[in-house]
Amino acid sequence: EQMIQDMKSMGRDKATCAAKCIQLGAKYVLYDSSKGVVYKLDDQDKAEKFAGRKVRVSGTLEKKAIKVASIEAAD
């Protein structure tokens, strides 16, 4: 949200902002706002259609990376 406010060129919503970051070389991650933790996702293709949305991710946690089994919308 802060980037959207500070950098209007990145878009006006989370999905657009995420897509622009990916174009610049970023990777999809899962951010757990309740814990303030970012998890890497091994399957970038599964994450793509959920960019900027609240999701439920199922998989195996290995340190701070998730081996993704499935992703579904949570909103």
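Two strands count as paired when DSSP finds at least two bridges between them. With that in mind, welcome to this predicted model, where an open sheet of 4 strands runs in the order β1-β2-β4-β3 with mixed pairing. A search of the whole structure also turns up 2 salt bridges.

**The sheet**
- β1 (29–32) and β3 (55–62) stand at the edges with a single partner strand each, so one side of each has no neighbour in the sheet.
- From one strand to the next, the twist averages 40°.
- Strand β2 (residues 37–41) pairs with β1 in the antiparallel sense, over 4 bridges.

**Around Y31**
- Y31 belongs to strand β1, and its bridge partner in β2 is V38.
- Y31 is exposed, because its relative accessible area is 52% and the cut-off for exposed is over 50%.
- Together with V29 and V38, Y31 forms a nonpolar patch on the surface, with about 290 Å² of accessible area in total.

- Side chains of opposite charge can pair when their charged atoms come close.
- E72 is partly exposed at 42% relative accessibility, and R56 is partly exposed at 48%.
- K46 forms a salt bridge with D43, where the closest N and O atoms are 3.9 Å apart.
- K46 counts as partly exposed at 32% relative accessibility, and D43 is partly exposed at 22%.

Note on methods. Residues numbered from 1 in each chain as written. Predicted model: local features only at pLDDT ≥ 70, side-chain atom pairs only at ≥ 80, totals over all residues. Heavy atoms only, no water. Helix = DSSP H or I, 4+ residues; strand = E, 2+ residues; numbered from the N terminus. Axes fitted to C-alpha atoms, helices over the stretch in contact; angles between N-to-C directions. Patch = residues over 30% accessible without salt bridge, like charges linked within 9 Å, V, L, I, M, F, W, Y side chains within 5 Å. Areas by Shrake-Rupley, 256 points an atom, 1.4 Å probe, with all protein chains shown as cover. Salt bridge = Lys/Arg side-chain N within 4 Å of Asp/Glu carboxyl O. Buried < 20%, exposed > 50% of the residue type's maximum accessible area, 1.4 Å probe, protein only.
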